[in-house]
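Dear colleague,

Please find the structure we spoke about below, followed by some notes on what was found in it.

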Amino acid sequence: MKCHLSKLKEEFVACEGDTNPALGHPIEFICLDLKDPAICKYCGLRYVQNHHH
Ligand SMILES: [Zn+2]
């Protein structure tokens, strides 16, 4: 399982998972929470808001 920590400017992120569409991962738009990491329900990648240090 890959894990990405994306640098994000927006409050939404589109997770496409793996580049292989055969894995059945649709484009999932994830609303980022300011406090807690958002986890893609398809591939489990975690995304965090990153513009408040
Ligand atoms: Zn995903």
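C31 is an exposed residue, because 9 other C-beta atoms lie within 10 Å of its own, where exposed stands for 12 or fewer such neighbours, buried for 20 or more and partly exposed for anything in between, with C-beta atoms placed from the backbone. Please keep in mind that this is a predicted model, in which local features need pLDDT of at least 70 and side-chain atom pairs count only at pLDDT 80 or more, while totals for chains, interfaces and linings use all residues. Residues are numbered from 1 along each chain as its sequence is written.

C31 lies in strand β2, which covers residues 28–31; strands here are DSSP runs of E with at least two residues, helices are runs of H or I with at least four, and both are numbered from the N terminus. Leaving aside residues up to four places away in sequence, C31 touches E11, F12 and A38, a contact being a pair of C-beta atoms, placed from the backbone, within 7 Å. Between C31 and V48, which are 17 residues apart in sequence, the C-alpha to C-alpha distance is 9.9 Å.

As for the whole protein, it has four strands and zero helices, and 8% of its 53 residues count as buried. Of the contacts between residues at least 6 apart in sequence, 35% join residues at least 24 apart.

On confidence, the mean pLDDT (the predictor's confidence in each residue, from 0 to 100) is 75 for the protein, with 66% of residues at 70 or more.

Best regards

Notes:
Contact = placed C-beta atoms within 7 Å.
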